[in-house]
Amino acid sequence: VLVSLVLLGIAVGTGCFSYRRVEGPIPAGQNVRLVLGPEGRRIMHDQFGLDVLTIDANVQEMTANGIVANVEVGFVPIRNIRLHGLRYQQVVFPPEAVSQVEVRRVNPFRTGVAVAATALAVSAFIISKINCDACSTYR
């Protein structure tokens, strides 16, 4: 069981995505991670009370005046349901507010490692259960 937990931890820890720095224009609808400079951190703190260094966003528009993006700013209760939905807000970040823009990409190597580690974890768990069940029947 311990081995399966360790392998599952490796699978979760590796993640399937990586971020690559982007220079130049970003098309509308692109999911990005914004690395905020002091001005960007101030904007997020003043508008939403969030102290963040990076934030995932969906680019709505990119101009010389900055980036207009939808950012996740918290959870809001959904009426008559116990679940909570994500709350997104459109934010305008001037160029000096963002120190780096990174695009999220599927990383084939990390995805392969995660799939293999998960398969090994499940296999180790099943084998340990079979062995434990076999041991208990002979006692």
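Contacts (heavy atoms within 4.5 Å) between residues 24 or more positions apart account for 62% of the contacts in the protein with a separation of 6 or more. The model is predicted, so local features need pLDDT of at least 70 and side-chain atom pairs count only at pLDDT 80 or more, while totals for chains, interfaces and linings use all residues. Residues are numbered from 1 along each chain as its sequence is written, and side-chain values use heavy atoms, with hydrogens and water left out.

The protein contains three helices and six strands, where helices (H or I, at least four residues) and strands (E, at least two) are DSSP runs numbered from the N terminus. Along the sequence these follow the pattern α-β-β-α-β-β-β-β-α. Of the 139 residues, 25% count as buried; this term means under 20% relative accessible area, whereas exposed means over 50% and partly exposed lies in between (1.4 Å probe, protein chains only).

The largest nonpolar core comprises 20 residues. Such a core is a set of buried Ala, Val, Leu, Ile, Met, Phe, Trp, Tyr and Cys residues joined through side-chain atoms within 4.5 Å. Val32, Leu34, Leu36, Met44, Val71, Phe93 and Val101 have the most contacts inside the core. At least two core residues come from each of strand S2 (31–36), helix H2 (38–48), strand S3 (54–63), strand S4 (66–77), strand S5 (84–93) and strand S6 (98–106). The most is given by S4, with four residues. When neighbours within four places in sequence are left aside, the contacts of Phe93 include Leu34, Leu36, Ile43, Met44, Val71 and Val98.

Within H2, Gly40, Ile43, Met44 and Phe48 are buried. Seen down the axis of H2, the buried residues fall within an arc of 90° (taken from the directions from the helix axis to the C-beta atoms), so they line one face of the helix. The face turned away from this buried side carries the exposed residues Pro38 and Asp46. Just after H2, Gly49 takes a positive phi of about 75°.

Val52 is located in the loop between H2 and S3 and is partly exposed, with a relative accessible area of 22%. Apart from neighbours within four places in sequence, Val52 is in contact with Leu36, Arg41 and Met44. The C-alpha atoms of Val52 and Arg41, eleven residues apart along the chain, are separated by 6.2 Å.

Helix H3 (residues 108–137) contains Ile126, which is partly exposed, with a relative accessible area of 45%.
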